[in-house]
Each structure stands twice: as structure tokens, then as C-alpha cells.
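Me: Please take a close look at a single part of this model. Pick one element, walk me through its surroundings, and keep it brisk.

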Amino acid sequence: MTNAVSSRTLEEMVSYYGARAHEYDDWWYRRGRYDRNAEDTARWHTEVKELYAVFDSLSLGGDVLELAPGTGTWTQRLVRTARSVTAVDASPAMIELNRANVRDERVTYVIADLFAWEPERAYDAVCFGFWLSHVPVERLDDFLETIAKALRPGGDLFFADSLTESTALHDNRRVPGAGSQVMARTLADGREYQIVKNYHDSSALSARFARAGLDVPVRQTATYFQYGTGVHTRHVK
Ligand SMILES: C[S@@+](CC[C@H](N)C(=O)[O-])C[C@H]1O[C@@H](n2cnc3c(N)ncnc32)[C@H](O)[C@@H]1O
């Protein structure tokens, strides 16, 4: 039995990402404390290339919704193929970095809490990188229903996330205890925050997507990442 996450922890997670925004990319590019040894770092970059290849092969087009875009890792690639991107994130600091990194007027930024936000329309594609693991398990089905509402039937989906803690350990985190989805994370200056982090079994996650009408096979790279590509297969009321 997993304990439900408090609204205070969800707010703390937004504060954490706001405070981490300027150092966030060190994680993705394996700089500083994330560059633990040459072998792990090389493997990480190889698997990032694999993710990019999957993402690029989708050529997500039309009007695309990106949830929790952060500094713009995926936004930068989306603007190569999309007609427009609507990017929804709770952190103004993240949005500002994204705007500076992407610099494309076809991106509309929305500052909103994804646990309260509702889509105003159905998009041609939906993308969320390293967000699903931050959704509390008791909110996962509601979140996937929101995705189904936000995606037109036949629309495409891409998500990527962390695979498991045991293979992605580095110095800024402590693993949650049994029955907890809450993990302590520290910034480079030592400040500590409580955030949500869930690692999903790939086939169980695929089944959860299917319940929301989303046909999303979930796959993984050798060590670090889980990802899914798929389509919306049914109309949602
Ligand atoms: C792990 S980062 C992912 C960033 C980016 N998608 C990537 O792949 O690198 C998580 C993002 O979720 C955002 N976030 C955290 N809580 C949120 C909430 N309640 N509503 C909307 N965004 C939130 C953070 O500001 C941050 O940009």
C-alpha cells in the first residue's frame, strides 16, 4: 500500500524545480556532480541518442501539447516538425529558460499546475519528458484521462522517463522508503526538497495507458530510460 502524496509535497516539487531550473541541464548533459565516471556517462549519452532517434522518427506534427517542458530538451526538437507547440509548466523559471533556449514564436507558454489544469482543446500530438514519474500513483489514471482528452483520436503520443533508481543513482537524491512515493532531492548548494518519484513497470504502465484509450507500448533503453510512443485510439466523453 502506497501513501497518498500531500498537496504540500506537490507544491514543494514545483518550488524544487523552480530553484533547480538554472542547474537542471547539468543532469541531462552529465556535467559536474552527474558526471560520475566515464563509462556511465558514455552509456548515458548513447541511450540519450537512442531516445532522440525514437522521438525524431515520430516527426510529431500539427499542433502539439507539451506537458512539463522544463528547460526545453524536447521543445527544441518539437519545433522542427510541429506547426505550434503549447508548453504547460508550473515553474516560471523553467518557462523563462525554455523561452530563451527555444526562441520560437510558435511556442505558446502556459504557467499552470498540471494537477489542476484541463485541456481547452484536443491536440494533434502530446509529449511529456520526465514528468510521468512525478505523478502520484493515486492521480495516474486521472492524469492519463486528461491526456486522452487533450489528444485527438489518432493523435500521437511520446513520453520518456527514468527507468529505475538502482540504475540511475547519483548524488542529488535519496530513494523513498517502502510505501512512499516521496523522495528527498538536493540542489548543488545542499538545499533539500521533498518530491514525488515513481518508477513504473513497463507492461503495467502500458496497461494503464490502454485503460484511458491510449495504445502506448512502453519500452526501455538498456540502463537509464523508459519511453512510450503510441496513439489515441478512442473518443473520450
Ligand atoms: C523533471 S522536469 C522535466 C523537464 C523536461 N520535460 C525534460 O524532459 O527535461 C519536471 C518539470 O515538471 C515541472 N513541474 C513540477 N510540478 C509541476 C506541476 N504541478 N505542474 C506543472 N509542472 C510541474 C517542473 O517545473 C519541471 O519543469
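Reply: Start with a residue at the end of a strand. I111 is found in strand 3, which covers residues 107-111. The model is predicted. I111 counts as partly exposed, because 13 other C-beta atoms lie within 10 Å and a buried residue needs 20 or more. Leaving out residues up to four places away in sequence, I111 touches D89, A90, P92 and I95. L60 is another matter. I111 and L60 are 51 residues apart in sequence, and their C-alpha atoms are 23 Å apart in space.

Now the main subject, strand 4. Strand 4 spans residues 123-129. Six of its seven residues are buried, so strand 4 is largely enclosed by the rest of the structure.

Take its partners in turn. Strand 1, residues 63-67, pairs with strand 4 in the parallel sense. Four bridges make that pairing. Within it, E66 stands opposite C127 of strand 4. Strand 5, residues 151-162, also runs parallel to strand 4. Here six bridges join the two strands. G129 stands opposite A160 in strand 5.

Next, the connection. Helix 6, residues 140-150, belongs to a β-α-β unit with strand 4 and strand 5. The unit is right-handed.

G129 leads on to the ligand. The ligand is surrounded by 20 residues. G129 is listed among the closest, along with Y17, A68, G70 and S91. By class, the shell holds 14 nonpolar residues, four polar and two charged. Helix 1, residues 7-20, gives the largest share of the shell, with four residues.

Helix 1 then brings us to a loop. E23 sits in the loop between helix 1 and helix 2, the latter being residues 24-28. E23 has 16 C-beta neighbours inside 10 Å, so E23 counts as partly exposed. Setting aside neighbours within four places in sequence, E23 is in contact with L187 and A188. T71 lies 48 residues from E23 along the chain. Their C-alpha atoms are separated by 9.9 Å.

Strand 1 pairs with it over four bridges, and strand 5 is joined to strand 4 by six. G129, opposite A160 of strand 5, is also one of the closest residues to the ligand.

How values were computed
Residues are numbered from 1 along each chain as its sequence is written. This is a predicted model: local features need pLDDT of at least 70, side-chain atom pairs count only at pLDDT 80 or more; totals for chains, interfaces and linings use all residues. A residue is near a molecule or strand if its C-beta atom, placed from the backbone, lies within 6 Å of it. Ala, Val, Leu, Ile, Met, Phe, Trp, Tyr, Cys and Pro count as nonpolar, Asp, Glu, Lys and Arg as charged, and the others, Gly among them, as polar. A residue is buried if 20 or more other C-beta atoms lie within 10 Å of its own, exposed if 12 or fewer, and partly exposed in between; C-beta atoms are placed from the backbone. Two strands pair if DSSP finds at least two bridges between them. A crossover is right-handed if, with the strands pointing away from the viewer, the path from the first strand over the helix to the second runs clockwise. Two residues are in contact if their C-beta atoms, placed from the backbone, lie within 7 Å.
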